[in-house]
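This briefing is meant for a reader who is coming to the structure for the first time.

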Amino acid sequence: MVQARDVSGGIHFHSDGRSRGLKPRQLPGDVRGFVNRGQELGQLDAILTDGGGESVSVPVCVLAGTAGVGKTSLALRWAHRVPDRFPDGQLYVNLRGYDPGAPVTPQEALHRFLSALGVPAAAIPADLEAGAALYRSLLAGRRVLVILDNAATAGQVRPLLPGTAGCLVMVTSRSRLSGLAVRDGAHTLTLGTLDEAEAVALLSVVTAPYRPQDDPGLLTELARLCARLPLALRIAAERAASRPRMGLDDLIRDLRDESALWDALSVGDDEEAEAVRTVFAWSYRALPAAAARLFRLLGLHPGAEFGTGAAAALDGGTGTGRIRHLLDVLVGAHLLEQTGPDRYEFHDLLRAYAADQARQEESPEERDAALRRVLVWYLHSADAAQTWINPQEAHIPLDPPGDGLVPASFADYDEAMRWYETERGNLLAATRAAEEAGLDVIAWQLPAVLRSVHMLLNPFEEWLAMGRVGLRAARGLGNRTAEAELLESLGMACTQSHRLAEGAEYHQGALAARRETGDRLGEALSLNDIGLIHLRGHGLESAKGRFEQAVALFRELAAAHWEAVVLANLAEVTYELARPEEASGLVLRALEMHRELGSQGGEGNALRILSAIQRDRGQPEEALRSAQGALDIALTHRNHMWEGYWLLELGRAQQANGAFEAALVSFQRAASLQRRLGDRVREARAWDGAGETYRRLGRPGEAADFHRRAAAAHRELDDLWHTALSLDGLAGALREADEADEAGRAEEARRHWAEALRALASYDDPRAVELRERITTALAR
């Protein structure tokens, strides 16, 4: 039940207080055993802050240097020393500019940052420029440290630069990124290798607790063989520490004799490249056979980080307990980093080295089998997550996982959602990897399985990206049934993001494929989808025709559930055509069928439509009961999509009963949920609802603010019908404000009504005709 609240001071839910209140803390942990670099830390203190240590004097700093020289370690050590200078938080992203796989795009990085700043995933703009503008707005006036690790180009960095003083961006790169200095005022600090004393100190901090007797001269020789590069030094030190009874001279002899195994590595001059290759090979060859095999197979993982389940799938049949032990061995050897509970990742050089070892030591058949196993693991784990996240949706048929694979399993909705949020980047990477490997069945099945999750959460960018990969794969297989599934999914993504013309094309393609294959149930579903596109665009007669065709097909096929669903859609479009009696008969029949079938989601939607019809027929109390019944179903199922949509009708029913305070609360909650879901049309409709409520409370100035914002959103989305409704509300509020001695509003009101008439020109349904007549009368006054 939504509780009323006192509105004597107004409810201004259009501010972004939620985002403003969040203080992201994304810094990875400080580096264990960090030593020296005192001069560089002092330079950062001097360069980046003024004499008092309070304000940022340089907006961007680039830490440049060869691979493995310790750029990230230095950046993190400095960041952990100065948290008080950035009281509004820290943002961190590894841009993976030098990884063997695809680098993180600016758009992907913005998505992560905006999420950390409180923007719901579905409300993050798909357009890079719009996303960057929102990011800059959220950071305006704040003091935030932004670390962009492993950037390859200035183009990766520039969209992630705040546009305000007070924030600092620290970039690490193998390149000096000179363009940032020229255009963005960046200061560049180039890191060299450690000097001899610092390199020996780094070795000693790791080895001394285990082998305090080592000769300093031998440590100096080991440091030289590692080219005094921190990455190589740490790996060498870990190996020495793990063999306390083996003489350091013997370890050095092994290292000196170790031949380079990796010609592809390029980290700077020849001496440094040789040293890194040698240290990697030296440490890798010292691993137990099982750990070495897991190390190289992990180089085939499609995403940048992974958990135990994915590692076990790559290894093929090894139990998770044994896999955890092997992962601990790799972490202990400093060949793998543990970044969180059951989360691991490589340094980019080590990931490339692992993949190269897989190419050298595993046959093509073994590599293909390992990749297929991990992709199948992700596919079946996603299918298991769907069971909890959206149990109403049917599962697509999948072959058994086989190969002794044990997909992830979940105890409840929350556990499944946590898995999805953790793995969503890997799911996209897995889909792309399946396409690249020619595993077309997996490439279309993964996005098809995830559609049921995407349609609830609306992560539009990845939904569309995965759907397009899946569509290419289905077409490559010549599988028209799979093609129709992916076309339908893409159509839904476009519909829910209000790309109606594009969505209609996808749904028309699905309809053609289903007719070609004789899939009459699918044909009816596509007809319903096309009808919903027309309904969203207020193409009422077209929508009605598609719904009628779909109902007839579902009835013929005895598909009672879908018949009831489309009867409710037909009732809604009939109501919009101002035929409430006919609409009432249709929705009551749909409601009865849903209750007989035990379909609570369908029942709630029918109650929403019934409430609107009851309002139209002058039955406000009945309308409120129906709308509240719908909302109760949404809350019981914890379904935010239902809740956000059905709250719009509850707010109108509360208005009709004079419960204006409660109506404002409903519209506030609806707007918040729609923003999280990324449905900008319905969010703007919530603003209009608030505007109507403030007008009825006699507060036209506040009403105008809400209607103006709604009209701007509808214009941007090219939604002419709702633009006209918002402008009519805005003009009415302005005229009332003018009559309340707020001079100068009448002419603005006339301009908005004139624009509304132009927006209505293409509509000829009864409600559009009535609205035109009313606006014309208002303009004549």
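A salt bridge is counted where a side-chain nitrogen of Lys or Arg lies within 4 Å of a carboxyl oxygen of Asp or Glu. In this predicted model, R451, E485, E488 and R514 are linked in a network of such salt bridges, and the structure holds 48 salt bridges.

**Salt bridges between side chains**

- E502 and R468 meet through their side chains in a salt bridge, with a distance of 3.3 Å from N to O. Because E502 belongs to helix α22 (residues 500-517) and R468 to helix α20 (residues 460-477), the pair ties together parts that are 34 residues apart in sequence.
- Both partners of that pair are partly exposed, E502 having a relative accessible area of 28% and R468 one of 33%.
- R708 and E748 also meet in a salt bridge, at 2.8 Å from N to O. This pair links distant parts of the chain, since R708 is in helix α32 (residues 700-716) and E748 is in helix α34 (residues 746-759), 40 residues apart.
- R708 is partly exposed at a relative accessible area of 34%, whereas E748 counts as buried at 18% relative accessibility.
- E603 forms a salt bridge with R595, and their closest N and O atoms are 3.1 Å apart. E603 counts as buried, with 15% relative accessibility, while R595 counts as partly exposed, with 46%.

**Cavities**

- Searching the whole structure brings out two cavities of 30 Å³ or more, and the largest cavity holds about 80 Å³ of space.
- Ten residues line the largest cavity, and F34, S73, L202, P230 and R234 are the closest to its centre. The lining of the largest cavity divides into six nonpolar, two polar and two charged residues.
- The second largest cavity has a volume of about 50 Å³, and its lining is made up of five nonpolar, three polar and two charged residues.
- Among the residues lining the second largest cavity are Q107, H111, D127 and E461. Helices α4 (106-116) and α5 (128-139) each supply at least two residues of this lining, with α4 giving the most, namely four residues.

**Surface and interior**

- On the surface, L521, L557 and W562 form a nonpolar patch with about 230 Å² of accessible area together. L521 is placed in helix α23 (residues 520-536) and is partly exposed, at a relative accessible area of 38%.
- L233, found in helix α10 (residues 230-242), is buried, with a relative accessible area of 0%. L233 and P159 are 74 residues apart in sequence and 35 Å apart in space, taken from C-alpha to C-alpha.

Note on methods: Residues numbered from 1 in each chain as written. Predicted model: local features only at pLDDT ≥ 70, side-chain atom pairs only at ≥ 80, totals over all residues. Heavy atoms only, no water. 1 Å grid on protein atoms, 1.4 Å probe; cavity = no way out; pocket = protein on both sides within 12 Å on 5 of 7 lines; lining within 4 Å. Points joined across faces, edges and corners; volume = space filled by probe spheres on them. Nonpolar A, V, L, I, M, F, W, Y, C, P; charged D, E, K, R; others polar. Patch = residues over 30% accessible without salt bridge, like charges linked within 9 Å, V, L, I, M, F, W, Y side chains within 5 Å. Areas by Shrake-Rupley, 256 points an atom, 1.4 Å probe, with all protein chains shown as cover. Buried < 20%, exposed > 50% of the residue type's maximum accessible area, 1.4 Å probe, protein only.
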